[in-house]
Amino acid sequence: MSSYTGRGDGAPFNNAYWDNKEPGLYVDIVSGEPLFSSVNKYDSGTGWPSFTKPVEPENVVAVQDSSLGTIRTEVRSAHGDSHLGHVFDDGPAEAGGLRYCLNSAALRFIGRDDLEREGYGEYRRTFESSGSVE
């Protein structure tokens, strides 16, 4: 199976979702598996879309990455095997302390109002129960 590498995402503050504030779901652009929700998105100041946790933890796999001469934790989609970005331990402490720093090009955003039409209707509850309308 071919997988997306995440290259060509644009620069910090110059990518599709770093400043997206619309409520919705972020899915793997290759497999369509649900990955992150805007309910858990926050402005990390890095210029990349950042989240405190996955919407479906089993859809995100952590892999040790030493490609840049330092050890980091890469995150990949479980089913599409797409490179999503990296996870760091400098996220908001009150939300668990993790920062999932992602590549916009690895994601497809589905707005809250389009979830039913796109086949992700069960995730609408994520926004109703949180009371979040971002």
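Let's start at a turn: glycine 69 takes a positive phi near 80° in the hairpin of strands S5 and S6, which has 6 residues between the strands. Keep in mind that this is a predicted model.

**Hairpins and their strands**
- S5 (residues 60–65) and S6 (residues 72–77) run antiparallel and are joined by 6 bridges.
- S6 and S7 make a hairpin with 5 residues between them, and aspartate 81 in its turn has a positive phi of about 55°.
- As background, strands of a sheet pair through backbone hydrogen bonds, either parallel or antiparallel.

**An open sheet of 3 strands**
- Follow the order S2-S1-S9 and you have an open sheet with antiparallel pairing.
- S2 (34–37) and S9 (107–111) are the edge strands, so each pairs on one side only.
- On average, neighbouring strands of this sheet are turned by 30° against each other, direction ignored.
- S1 (residues 24–28) is joined to S9 by 5 bridges, and glycine 24 has glycine 111 as its bridge partner in S9.

**Nonpolar cores**
- The largest nonpolar core has 14 residues, and those with the most contacts inside it are Tyr26, Phe36, Val75, Leu84, Tyr100, Leu102 and Leu107.
- At least two residues of this core come from each of S2, S7 (83–88), S8 (99–102) and S9.
- What is leucine 84 in contact with, leaving aside its neighbours within four places in sequence? The list is Leu35, Val75, Arg76, Ser77, Cys101, Leu102, Asn103, Ala106 and Leu107.
- Apart from the largest core lies another one of 8 residues, among them Val55, Ile110, Tyr120 and Phe127.
- In soluble globular proteins, nonpolar side chains tend to be buried together.

**Aspartate 43**
- Where is aspartate 43? You'll find aspartate 43 in the loop between S3 (41–42) and S4 (50–51).
- Aspartate 43 counts as exposed because its relative accessibility is 59%, and the cut-off for exposed is over 50%.
- A polar atom of the aspartate 43 side chain lies 2.9 Å from the backbone nitrogen of glycine 45.
- Aspartate 43 and aspartate 19 are 24 residues apart in sequence, with 7.7 Å between them in space, C-alpha to C-alpha.

Definitions and conventions. Residues are numbered from 1 along each chain as its sequence is written. This is a predicted model: local features need pLDDT of at least 70, side-chain atom pairs count only at pLDDT 80 or more; totals for chains, interfaces and linings use all residues. Side-chain values use heavy atoms; hydrogens and water are left out. Two strands pair if DSSP finds at least two bridges between them. Helices (H or I, at least four residues) and strands (E, at least two) are DSSP runs, numbered from the N terminus. Axes are lines fitted to C-alpha atoms, for helices over the stretch in contact, and angles run from 0 to 180 degrees between N-to-C directions. Buried means under 20% relative accessible area, exposed over 50%, partly exposed in between (1.4 Å probe, protein chains only). A polar contact is a pair of N or O atoms within 3.5 Å; within protein, one must be able to donate a hydrogen and the other to accept it, and residues adjacent in sequence count only if both atoms are side-chain atoms. A nonpolar core is a set of buried Ala, Val, Leu, Ile, Met, Phe, Trp, Tyr and Cys residues joined through side-chain atoms within 4.5 Å. Contact means heavy atoms within 4.5 Å.
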